[in-house]
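This briefing covers a predicted model. It is arranged by topic, from the chain contact to single residues.

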Amino acid sequence: MVFSSILFLFRFLPIFMVCYFLAPGRAKNLVIFLGSLIFYAWGEPVYVGLMLFSTVSDYIHGRLIDTKRGTLAAKGLLVSSLIINLLLLGFFKYADFLIQSINVVTGAEIPLLELGLPIGISFYTFQTMSYTIDVYRGEAKVQKNLLDFAVFVTMFPQLIAGPIVKYRQIAERLHDRPFKIQGVGYGVGRFVTGLAKKVLLANNIGLLWNTIKEMDYGGISALTAWLGIVAFALQIYFDFSGYSDMAIGLGAIMGFEFPENFNYPYISRSITEFWRRWHISLSSWFREYVYIPLGGNRKGLPRQIVNILIVWMLTGIWHGAGWNFVLWGLWFAVFLIAEKLFWGRVLSKIPGVFGYVYCLVVVLVGWVIFELESVGAVGAYLGAMLGGNGLWDRQALYLGRENLVLLIIGMLAATPLVTKAVRRMRESKERYVKVFYELSEKVVSVMLLLLAIAYVVDASYNPFLYFRF
Amino acid sequence: MQNESNQGKHNHNRGKYIPERINAALNIGLICVILMVLTVADLWKGDRLFSEAENRVLASRPELRWTSVLDGSFMEDYETYVTDQFVGRDQWISVKTAADIALQKKEINGIYLGKDEYLIERHSPEDYPEELVEQRLAQLKEFVERWDAKVMLVPTADNVLTDKLPAFAEGFDQRALLDRVAGCVGEAHMIDVYSDLLKRRDEEIYYRTDHHWTSRGAYYGYLAWADAMGEAPNTANSMDNMFMDTMETVSEDFYGTLHSKLNLKVKPDTIEYFPHTEDLSIRIVYDMEQEEASFYEEDYLKTKNQYGFFMDDNHPFIEIDTGVSNGRTLFVVKDSYANCMIPLLASHYEKVYVVDLRYMNGRLFPFMESYEPESGMDVLVLYNCVHFLEEFRYW
């Protein structure tokens, strides 16, 4: 089930919330667990078993690691937990990719398995791994209550598209969540914002990219190509961060505090900064559980470079089972390393505008690699961006005119300008500004909600981008 | 209540107008009320079978079965059902269209908002892959060679009313398609109506809210046909060059298929027809069972699908005895564009047969042979360019 659907907004959500708030204390977790199972099973009836297996397996591993603490057995159990998780992920997500690659290299004809990718598997396996690792390291207390642990793994708000919540970040709240109306109010507002980002911005701007993606790249002008990739950049940002907003909002309504996942990535002035602002929960997971254990920057420069390459190859392939995703990760690794070795210092000294342009160009070229799966298509598209087929044509002017307002709104919304203005009003000492803020906050959220419903009802176009993750 | 207002005053000293807790409750309340009211209203209202505005059957509640739950098809169907049946669906679509217009969009749901309140359907070459075009051409070639048929492919409005399209809009170039068709079946088999329509594009030759051409447009099509066939147009009765003046209006509140996709407030269309085509004493048999004495069916004017007025909407097979005794037979293979032109053709023949390939299950050639008289018959392929690509397929 996706959040931006009539089914979720007008069936699942009201019923779930009524049950949740009516349920007494400890029963709330049971409501979350059962609700999440229904939510998940709606799209993946068979793979629910897989998720429950992963839950029980890591619950038991956690308990055993705790009792054998300090012994070799604990280490063995940790390894066993990781292997099980990685095997699940590897089998369901990467088996066909591996077979295909072997077939291409060796000329063998091993048949593909063609299993459907279980939704959210990349997210929940990463969450449960963080749990067993943290328990092993003593950074998280073991969870003895199976239901509380199951809530951590299966909780529907962040189940399918993140943020990736580390167990220790919500451990306390799993057990005890004080009800605070301000928290609920914040959550409701955050949810509506996320819904609007996804439905009004991502879906509509995505239509432009969809049109251009279908074209023959050998014949599109530079303007069309740039419009297309800018549209994709905005689409994936609003789609993904909108989904994170909705997750964080739903969590807040129930009293959870999920970590933030995006922080205006497109205003970064370097790639290093971009990855501190983009999909934060994923990059911090890799930093904490891969980069630092590999030695991070503590074992000399050559080793650090190797570590960066490993982490970014993994980050790339986490996004999808395909070589283009590996390439996409390495593309960023190259710039991260170069910024460390060569121009990182320079970037921080020259006027900001150079940094913005540099970072956006690298990121946009990155999106071309990410979105177009064959080397040939990437080459043709980049060629078009460089003006190989002329700078502009009628088609580009048509598409540009048609989407101008939407793109401007999208670009503005991708900067902190609006948020800053809102904050200044909220924190203003002027009574009238405050009244105006409190009224307009309500008007705007009601309007966004109504508009989002209208676009969902009309949804000839309401795709879901995360099936590959 | 008293307490809260005290707190309000208290908070005001710290620069707060409404206390934070009340403000949060208000925010929550507003959103919850909207979601809950709509949910209850949606559960309360009954299901509709059919959407008049969209002119299509809406999804109905799927049956709950273990097998359909396990393979996920129940959930998929249920979701379509809930979305299709959502309370106030038509109004929501109007809201969405209004928002798109506010964003300065000139193309919504594949429809151009043209000048002079024209809604024009967009067709893009990507929708018609080369493979499909080749298949259609191969079948057409075989058809034309077997029956020595004439081919008339009518361009759609986006190719003709180019002056009404939004700035820089470019459609699917049907002139190029027609050149290909001509190259394939031979120029001599083609009836060109593209240039005639282009010359007449300042007249109302297409509906503003529907994807069809008007009776006026069809009349120019008919003249092009007569010219190509060497026929004198409208010889049957008092029909002379002033024939166009004999048109009569049957409806002034027609909202067509393009309007359905937007639910936008525009002027309704007018439907006209040629009453003199009824001067013949005709007998029509639809699908070998339903007998009528008119090309026109007024009942449709009371429904959403007013274009169905012509030839009783779409039928798989139509036989017409025109009452003219000249021994000539015409066999038409056609789409819905033909429906308003067939009455004009009828006066030139004694028998007219009409087939709509979308509904044809058996093999076409033996079927046609069974209706061919000893003396042979004229055969006409009459489609608009995109319907031809979408529908021209036979066994």
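How many salt bridges are counted between chain B and chain A? The count is two, and one joins the side chains of Asp458(A) and Lys96(B), with an N to O distance of 3.5 Å. Because the model is predicted, local features are given where pLDDT is at least 70.

**Interface between chain B and chain A**

- Chain B brings 52 residues to the contact, and chain A brings 50 residues.
- About 4900 Å² is buried between chain B and chain A, and carbon and sulfur atoms give 68% of that area.
- There are 15 residue pairs in polar contact across the interface of chain B and chain A, with both residues of a pair at pLDDT 80 or more.
- On the side of chain B that touches chain A, at least two residues come from each of helix H2 (20–44), helix H3 (66–70), helix H4 (73–84) and helix H5 (89–102) of chain B.
- H2(B) gives the most to this side of chain B, namely 17 residues.
- By residue class, the side of chain B that touches chain A holds 30 nonpolar, nine polar and 13 charged residues.

**Strand S14 of chain B and its partners**

- Strand S14 of chain B covers residues 378–384; six of its seven residues are buried, so the strand is largely enclosed by the rest of the structure.
- Strand S6 (residues 150–154) of chain B pairs with S14(B) in the parallel sense, over five bridges.
- Within that pairing, Lys150(B) has Leu380(B) of S14(B) as its bridge partner.
- Strand S12 (residues 329–334) of chain B also runs parallel to S14(B), and five bridges join them.
- Here the bridge partner of Leu330(B) in S14(B) is Asp378(B).

**Three-stranded sheet of chain B**

- Strands of chain B in the order S3-S4-S5 form an open sheet of three strands with antiparallel pairing.
- Strand S3 (107–108) and strand S5 (119–121) of chain B are at the edges with a single partner strand each, so one side of each has no neighbour in the sheet.
- Strand S4 (residues 111–113) of chain B is joined to S5(B) by three bridges in the antiparallel sense, and Tyr112(B) stands opposite Ile120(B) in S5(B).
- Glu107(B) lies in strand S3 of chain B and is buried, its relative accessible area being 18%.
- The side chains of Glu107(B) and Arg122(B) make a polar contact of 3.3 Å.
- Beyond its neighbours within four places in sequence, Glu107(B) is in contact with Tyr398(A) and Glu402(A) of chain A, and with Tyr112(B) and Arg122(B) of chain B.

**Strand S8 of chain B**

- Strand S7 (residues 248–254) of chain B pairs with S8(B) in the antiparallel sense over four bridges.
- The bridge partner of Phe254(B) in S8(B) is Asp269(B).

**Residues with positive phi**

- Most residues other than glycine have a negative phi.
- Asn109(B) has a positive phi, near 50°; this residue is in the loop between S3 and S4 of chain B and is partly exposed, with a relative accessible area of 29%.
- Asp148(B) also has a positive phi, of about 50°.
- Asp148(B) sits in the loop between helix H6 (130–147) and S6 of chain B, and counts as exposed at 57% relative accessibility.

**Two residues of chain A**

- Ser5(A) is in the segment before helix H1 (6–22) of chain A, and is buried with a relative accessible area of 4%.
- The side chain of Ser5(A) reaches the backbone nitrogen of Phe8(A) at 3.2 Å.
- Not counting residues up to four places away in sequence, Ser5(A) touches Val456(A) and Glu79(B).
- Asp96(A) belongs to helix H4 (residues 72–106) of chain A.
- Asp96(A) is 14 residues from Leu82(A) in sequence, and their C-alpha atoms are 21 Å apart.

Methods
Residues are numbered from 1 along each chain as its sequence is written. Chains are lettered from A and ligands numbered from 1 in the order in which they are written. Side-chain values use heavy atoms; hydrogens and water are left out. Contact means heavy atoms within 4.5 Å. Buried area is the accessible area (1.4 Å probe) that two parts lose on being put together, summed over both. A salt bridge is a side-chain nitrogen of Lys or Arg within 4 Å of a carboxyl oxygen of Asp or Glu. A polar contact is a pair of N or O atoms within 3.5 Å; within protein, one must be able to donate a hydrogen and the other to accept it, and residues adjacent in sequence count only if both atoms are side-chain atoms. Ala, Val, Leu, Ile, Met, Phe, Trp, Tyr, Cys and Pro count as nonpolar, Asp, Glu, Lys and Arg as charged, and the others, Gly among them, as polar. Buried means under 20% relative accessible area, exposed over 50%, partly exposed in between (1.4 Å probe, protein chains only). Two strands pair if DSSP finds at least two bridges between them.
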